[in-house]
Amino acid sequence: MSVFPDISRELNILADKQQALILQRFFKTGKGQYGEGDIFLGIRVPVARQVALKYKIATMTDVSKLLKSKFHEYRLVGLFILIKKYEDSKNIIERKTIFNFYLKNTRYINNWDLVDLSAPKIVGNFLFNYINQKEIKNILGEMAHSNNLWEKRIAIVATFYFIRQGSTKEVFYISEILLSDKHDLIHKAVGWMLREAGKRIGTRELLDFLKKYGKVMPRTALRYSIERFPEKQRKSLLDCRF
């Protein structure tokens, strides 16, 4: 039985017009900005999580309707329900169905918070646990070469799951592909994941990567990646004196 009408009713009740205006500015929804046209109801993430948990029995058809909504929080709740379904399932067939569903619907996962909250938990998890190394590179590499901004961000942020498991070759591989990307949201994501890799395994591999690409990588990515370095070392790297 569909619970989409119940979810819709509850989200509409929770809407906050003042908060919606704040979120629409924060997520750059103006003309020509990365989130152009995205419409917010003004519901905070913890509240959206509670709604998703309440309606975790939603069908995949319900989730599809939520993801296709013009309202950002509908899509957010849909992704939280999808994550919950994935985590609750111990069956590889069910998990593969959810993974494939996610990849087929990336055009609706169209802001950085939607990507960052879901990509490691579904894409990263499934690739790490069920896919061989060659296919991992193919799948992530294809997304990293996409013309879609959000698919590229999914590719790099999905590596966060690998990093947490102690594997960093994926983040360095995808970061190298994305070095020439022009979008600031990709630069920030690459720098963030490189920084996380350095935190997990120490700075040696990260420094090797930076020595190789530091002079050509976007400054934002470089700056994010070395945030935890000592000040003198950060200055040296930013000045490209290796």
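This report walks through some helices, a nonpolar core and a few aromatic pairs of one predicted protein model.

The model is predicted, so local features need pLDDT of at least 70 and side-chain atom pairs count only at pLDDT 80 or more, while totals for chains, interfaces and linings use all residues. Residues are numbered from 1 along each chain as its sequence is written, and side-chain values use heavy atoms, with hydrogens and water left out.

**Helix α6**

Let us start with α6, which runs over residues 92-104. Helices here are DSSP runs (H or I, at least four residues), numbered from the N terminus. With 13 residues, α6 reaches 18 Å from its first C-alpha to its last, close to the 18 Å expected at 1.5 Å a residue; the expected span is 1.5 Å times one less than the number of residues.

Which residues of α6 are buried? They are R95, I98, F99, F101 and Y102. These residues cover an arc of only 160 degrees around the axis, which puts them on the same side of α6. The arc is taken from the directions from the helix axis to the C-beta atoms. Buried means under 20% relative accessible area, exposed over 50%, and partly exposed in between, using a 1.4 Å probe and protein chains only. The face of α6 turned away from the buried side carries the exposed residues I93 and K104.

The buried residues of α6 pack against several helices, including α4 (60-67), α5 (72-88) and α9 (149-164). At the start of α6, a side-chain oxygen of N91 comes to within 2.7 Å of the backbone nitrogen of I93.

**The nonpolar core**

In soluble globular proteins, nonpolar side chains tend to be buried together. A nonpolar core is a set of buried Ala, Val, Leu, Ile, Met, Phe, Trp, Tyr and Cys residues joined through side-chain atoms within 4.5 Å. The largest one here has 76 residues, and those with the most contacts inside it are I7, V77, Y102, V123, I156 and L210. Helix α9 gives the most to this core, with 10 residues. Leaving aside neighbours within four places in sequence, V77 is in contact (heavy atoms within 4.5 Å) with I7, L11, A48, V51, A52 and L66.

**Aromatic pairs**

Rings of Phe, Tyr and Trp (its six-membered ring) pair if their centres lie within 6.5 Å; planes under 30 degrees apart count as stacked, over 60 as edge-to-face and the rest as tilted. By this rule the count comes to 14 aromatic pairs. Here are two of them:

| Pair | Centre distance | Plane angle | Kind |
|---|---|---|---|
| F26 and W112 | 6.0 Å | 65 degrees | edge-to-face |
| F128 and Y161 | 5.7 Å | 65 degrees | edge-to-face |

F26 lies in helix α2 (residues 17-26) and W112 in helix α7, so their pair ties together parts that are 86 residues apart in sequence. The other pair links F128 in helix α7 with Y161 in helix α9, 33 residues apart. W112 counts as partly exposed at 22% relative accessibility, whereas Y161 is buried at 16%. Ring pairs also link F26, F27, F40 and W112 into a cluster.

**Helix α12**

In α12 (residues 204-213), the buried residues are L206, L207, F209, L210 and Y213. They cover an arc of only 160 degrees around the axis, which puts them on the same side of α12. The exposed residues R204 and K212 sit on the face turned away from that buried side. What covers the buried residues of α12 includes α10 (169-178), α11 (184-201), α13 (219-225) and α14 (231-238).

Key. Helix = DSSP H or I, 4+ residues; strand = E, 2+ residues; numbered from the N terminus. Polar contact = N/O pair within 3.5 Å; in protein donor to acceptor, adjacent residues only side chain to side chain.
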